[in-house]
Protein chains: 2
Amino acid sequence: MNKEKVVKIAILGMGTVGGGTYKILKDNRNIIENRICKKIDVVKALNRSPRPEYAEDFITDNIDDILDNEEIDIVVECLGGIEPATTYMIKALERGKHVVTANKAAVAANYKKLMETSDKHGVKLLFEAAVAGGIPVLTAINNPLQANNFIEIMGILNGTTNYILTKMQEGQSYEEALKDAQKKGFAEADPTADVEGIDAVNKLSILITLMFDKYVAPEEIERVGISKVTIEDILDAKSASETIKLIGRATLRDGKLSYSVKPERISLSHPLSGVDNEFNAVYLRGDMVGELMFYGKGAGALPTGSAIVGDIISIAKTL
Amino acid sequence: MNKEKVVKIAILGMGTVGGGTYKILKDNRNIIENRICKKIDVVKALNRSPRPEYAEDFITDNIDDILDNEEIDIVVECLGGIEPATTYMIKALERGKHVVTANKAAVAANYKKLMETSDKHGVKLLFEAAVAGGIPVLTAINNPLQANNFIEIMGILNGTTNYILTKMQEGQSYEEALKDAQKKGFAEADPTADVEGIDAVNKLSILITLMFDKYVAPEEIERVGISKVTIEDILDAKSASETIKLIGRATLRDGKLSYSVKPERISLSHPLSGVDNEFNAVYLRGDMVGELMFYGKGAGALPTGSAIVGDIISIAKTL
């Protein structure tokens with residue numbers, strides 16, 4: 001094995017996802033280095049506040065310490081939010097650094113600009129973690145399924161809302177289920193982005209772009225959240241052997257693409273109906289492969305970190 | 001788009017899978033050529049008997065017409081069976097041709113020799129279609145999940161047996177269900193390879209090799225088929241909220257890998273329990289990503305062809 005090349009990595013943001021990525025690169029370093037036949041080294045992390053648990057010169061609050069460092073091969077963006085994340089990613093790409101991100105909001109909002117910049121500078125921008133966390137659905141769409149014309153996608157793309165709907169199915173009210181989700185760490189103090197479908201709309205925008213080769217901005221997608229779903233709705237669905245899920249959907253019919261994120265009644269015989277609690281799933285149909293479903297954890301430090309490190313490995317193999 | 005490079009392809013065997021592959025390359029030629037930015041051309045096919053529906057010089061019964069043709073970039077092996085398929089693949093690799101195959105028996109039996117030959121000659125051997133047909137599970141294991149130490153895999157890897165067990169669940173006897181499967185084209189006249197788990201053992205051997213970096217030959221895997229499963233077994237499982245599935249399993253515990261293909265009782269709360277009829281599914285656990293499941297069609301001309309053409313596209317992109 002030639003381990004002379006050291007792949008140098010910087011992480012922007014050492015919160016949940018950045019911390020998970022760092023942990024995987026540390027804990028599974030041996031197996032990762034064996035798989036890529038190169039050494040890896042996380043040399044720098046951007047964080048607003050100092051983190052005494054890391055070496056003193058590892059954390060910086062100055063993005064230029066990372067952008068100006070010519071040794072850094074890959075910048076991993078885990079800040080979240082559209083800005084300053086997009087600006088930092090663009091600058092990193094312009095300086096010839098590959099970028100890996102889990103940031104659905106930034107990728108959905110600025111897809112064209114980000115891709116054009118990475119193309120122009122001959123570097124990669126990968127974002128498997130941005131949609132459905134640890135589930136490798138973007139890689140599947142971009143590679144082994146490329147023989148297909150895609151016909152339809154239906155996704156349970158947000159774990160918080162799926163957890164709440166599952167608990168309502170079990171008899172809790174919306175308010176009780178939301179509180180339960182907040183207590184378990186599945187929902188944030190301000191749950192708007194999740195419960196109103198904003199997070200799911202960002203992910204659906206990315207899926208549509210990859211599957212149908214057509215950029216649809218998040219704000220163009222019809223969006224209804226789950227905050228108006230009542231126990232009566234749930235019971236009514238149940239009596240018809242159906243369950244209510246927040247579905248991100250895009251369907252191509254007679255050459256016309258339609259899309260929405262909204263609560264839908266799903267037959268109990270549909271593969272998505274059994275996807276409960278905080279799990280995510282993506283169901284899709286291609287003209288050749290037929291029906292496919294991918295199921296797993298759509299959030300959390302380690303599942304999301306798994307997808308990020310998968311992208312790092314994919315880039316590292318080419319260095 | 002630079003479409004000057006023409007990727008030249010030969011198909012060995014124009015049966016179900018070879019015919020499906022040819023159909024996809026023909027029907028979806030435009031979208032495939034756009035995605036790879038190259039033209040594709042299926043120039044030759046090996047078939048024992050003439051096929052009047054194709055151009056006269058397209059079909060040959062002489063493998064050397066393909067091996068000696070220096071213009072052919074990719075050989076697609078759809079003959080099935082260990083020989084002469086393995087010999088043909090080795091010869092094609094030795095002549096610098098990339099090989100794509102759906103042949104689980106040949107890959108499982110001769111994994112090391114095939115991989116060594118492709119490595120030695122700097123060409124690719126890809127076999128996504130060999131395990132779980134159209135479900136892109138091998139690509140997932142080999143790429144986006146590479147950050148993980150794998151802990152467990154459980155697969156419903158054979159559609160024939162899953163169809164029979166589903167029908168038994170609905171009240172048919174084993175004999176009735178087998179006849180039904182044969183009538184629908186899901187089971188062959190001699191169903192031994194399916195119902196006795198031989199097909200599933202080949203697929204599990206390949207999965208183990210990729211996930212645990214350890215070659216386990218098919219004949220080393222404990223194997224029990226479904227021909228001894230009775231209606232009483234099914235009812236007994238049902239009364240305990242379980243269902244019987246033919247499971248290919250490999251589990252790593254305390255550093256020790258155990259593996260088997262046999263009928264298992266699966267709790268109705270397990271994601272695999274709802275995988276019915278001719279569908280396949282692969283459930284796996286990684287130390288970072290947690291639980292994942294992939295679901296779809298494990299056989300048939302077009303789902304299998306989708307995976308084969310996915311591999312062709314992946315190679316064509318690098319040419």
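Biologist: How much area is buried between chain B and chain A?

Modeller: Buried area is the accessible area (1.4 Å probe) that two parts lose on being put together, summed over both. In this predicted model, about 3,400 Å² is buried between chain B and chain A, and carbon and sulfur atoms give 57% of it. Arg35(B), Met288(B) and Tyr295(B) supply 20% of the area that chain B buries against chain A, more than any other three residues.

Biologist: What numbering and cut-offs apply?

Modeller: Residues count from 1 along each chain as its sequence is written, and chains are lettered from A in the order in which they are written. Local features need pLDDT of at least 70, side-chain atom pairs count only at pLDDT 80 or more, totals for chains, interfaces and linings use all residues, and side-chain values use heavy atoms, without hydrogens and water.

Biologist: How many residues of chain B are in contact with chain A?

Modeller: Contact means heavy atoms within 4.5 Å. Here 40 residues of chain B contact 40 residues of chain A.

Biologist: How many salt bridges are there between chain B and chain A?

Modeller: A salt bridge puts a side-chain nitrogen of Lys or Arg within 4 Å of a carboxyl oxygen of Asp or Glu. The count between chain B and chain A is zero.

Biologist: Which elements give two or more residues to the side of chain B that touches chain A?

Modeller: Helices (H or I, at least four residues) and strands (E, at least two) are DSSP runs, numbered from the N terminus. The elements are α1, α2 (29-36), α7 (137-142), β12 (290-297) and α13 of chain B.
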